Amino acid sequence: MSELTLGRAAVDRDRLLRLLQDYGVYLGVAVLLLVNIAFTPHFLSAENFRTQAVQVAPVLIVALGMALAIGSEGVDLSVGSVMALATSLISLYLGYGAWIALIAALVGGVLVGVANGALVAFIGVQPIVATLALMVAGRGLALVLLPQLKDVRDPGLRSLGTGDVLGIPYLVLIAAALALLVAFVVRRTTFGRQLLAIGDSRPAAQLAGLPVRRVLVLVYVLSGALAAVAGVLATARLTASDPTSLGNLMELSAITAVVVGGTPLTGGRVRIGGTVAGAVLIQLLTATLIKHDLPPSWTQIAQAVVIVLAVYAARERGKR
Amino acid sequence: MTQTVPHRRTASRALLAAGLVASLALATGCAKSEDDNNASDKGSSSAANENAGQEVASPDGGKTCDIAAFGGEKADLKSATVGFSQSEKEANPFRIAETASLKAEAKKRGVKLLTANAQSQFSKQISDVQDLISKGADLLVIAPLNSDGWEPVLRAAGAKHIPIVTVDRKINATACKDYVSFIGSDFVEQGKRAADQMIEATGGKGTIAILLGAAGNNVTTERTKGFEDRIKEKAPDLKVVFKQTGEFAREKGQQVTEQLIQSKPDITGIYAENDEMGLGAVNALKGAGKKAGDVKIVTVDGTRNAVQGIVDGWISGVIESNPRFGPLAFQTLDSFTKGDKVGQDIVIKDSAYTKDNAESDLSKAY
């Protein structure tokens, strides 16, 4: 009898925990929104939501690629450096026009992805080590290509950063479209299913005859390309190429967004909706602390708390 | 399971590697950036701009040092080798102008100059300086990354009686014993002068936001202290209502300012502790549909972009932090090695840019 109740309590606790892990991020966003609506002056305005959405867009785009990497039981630490590389390549090729510069930046991101993927899939280097190497090399290369900040004058690229359609900034539209695209890829395509199978168990996927290597390379190529897109958009918004600081600590923000959003670090599962909410959560948290002029060190501490909570949730999930 | 690698795969790997290298070469080879010619012209002219050399703010005040007090022997600077240790990568206008100025002055005087760059790693700077000493530097100019931790270097240099001049940042050691002189700006004074400009631009009334530099940096704390003290003292109706870090970077300055103008749309002025954050603030104001001059911006550094910002009406004033240490550093070393007295604390006079002189002095900005 008592065993039975204990069992039921454990099941309830388990279900509650799982609900919190799956939907806690939405709850967090809702709470932060309510707190801000109640206590932050001028929070409920179209302009303010526009600002938050524009600021979160590059982080979200990077996080989408990160979600794929984490879903395959990997990680991509090179994303911030890819952003820097993209911004350097834009400046370097802008003389040919904005489109060529955009393509150069994307090619840069794809090449870093190929290198990451080759190291992980063919040579068998741990993702954290392989992408760490590219993180260091990528930033270095970006600074070799463009040793100092350079202004971007191209009007087309500038309007990409500031323009809008019916009041919705290009940046937000692009981020939303990419989120839908990646969600579709994960849920509806063979590649998506193979990715999750590999993330679940690579040996099993191998035994089942899945093209493990090809899929893994593609995962890192997508992550690199998405980070390059984020780098392009951030450059357009800044109207300058700044390879020294662009994308610094972006890998941490992206991993946080993904993990807070309920994607387990153990792979086999990708939650794009949660990732979007995770990115929004971090953005709102930072915005709240800045708007209320709390000491900058608090922002870092608050972010650390969110990361610890997210990792705790991931740990609980990993045990099951 | 055995891990045999077929030849085909080795070949494909080699191909991949070759492809990567080739595309890299291609990336740098056929690059063509916007206004390439202008950029290189600008770089050389501003770096070697002789009109913009430093002046000493208080030439005769303070303690002095000469070679008799320091120990060592007189020498002729012309036949000496000078080692220069730079702290950060020459990726921002200040460091670029600083290194270029020292190189230009060494060339002008015909002095052999050895250089090293610590890439923002303090341990590398320590070994850089030791390398410079072992490569035969008779005199050292150091742009220190940190104030503390110089013991090993000072011991090695002291054993050989190598005179050291530190530029732009001080080290925690005894002047005229561990090192000869420090040449640099007074960051507290820069903050005070920025406050003066802010008071003038705003008429001494309203609310002010501060974009702080990187945390834990003496430049940040001193530029903040000078500014806040002067505001309190001279303009009690000017209130600092917002202080957030922009980490000396344009992107962060822009993001923080975007949050600021959402929550405090009627802010009167923004004090940015370097030009880059100020330019980020300008981006944010433009994005929010503000017009030039709606919010008064005062920044510190004196880079060309910021001074151009005054000409365009977006920035009210820029306090200069002059990076051209070359002439003064070599002049100090020259006097010292001849046996003359030199100041222990040589504080340089930084000029300022306002709408009155921005256009005419634009060429002096770095």
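The structure is a predicted model, in which local features need pLDDT of at least 70 and side-chain atom pairs count only at pLDDT 80 or more, while totals for chains, interfaces and linings use all residues. Residues are numbered from 1 along each chain as its sequence is written, and chains are lettered from A and ligands numbered from 1 in the order in which they are written.

Chain B contains twelve helices and 15 strands (DSSP runs numbered from the N terminus, helices being H or I of at least four residues and strands E of at least two). Of the 366 residues in chain B, 47% are buried (20 or more other C-beta atoms within 10 Å of the residue's own; exposed means 12 or fewer, partly exposed in between, with C-beta atoms placed from the backbone). Among contacts in chain B with a separation of 6 or more, 77% are between residues 24 or more positions apart (a contact requires C-beta atoms, placed from the backbone, within 7 Å).

Seven strands of chain B form an open sheet with mixed pairing, in the order E1-E14-E7-E6-E5-E3-E4 (strands pair if DSSP finds at least two bridges between them). Strands E1 (55-56) and E4 (112-117) of chain B are at the edges with a single partner strand each, so one side of each has no neighbour in the sheet. Within the sheet, E5 (residues 139-142) and E6 (residues 164-167) of chain B run parallel and are joined by three bridges; Val141(B) is opposite Val165(B) in E6(B). Helix H4 (residues 93-109) of chain B packs on the sheet, touching E3 (81-86), E4 and E5 of chain B, and its direction makes about 175 degrees with that of E3(B) (axes are lines fitted to C-alpha atoms, for helices over the stretch in contact, and angles between N-to-C directions run from 0 to 180 degrees).

The contact between the chains takes 40 residues from chain A and 34 residues from chain B. On the chain B side, H1 (7-29), E9 (238-245), H9 (250-263) and H10 (275-287) each supply at least two residues, and H9(B) gives the largest share, nine residues.

In chain A, the buried residues of helix H6 (residues 155-162) are Leu157(A), Leu160(A) and Gly161(A). These residues fall within an arc of 95 degrees seen down the axis of H6(A), so they line one face of the helix (the arc is that of the directions from the helix axis to the C-beta atoms). They pack against helices H4 (98-122), H7 (170-188) and H10 (212-238) of chain A.

Terms used. Two residues are in contact if their C-beta atoms, placed from the backbone, lie within 7 Å.
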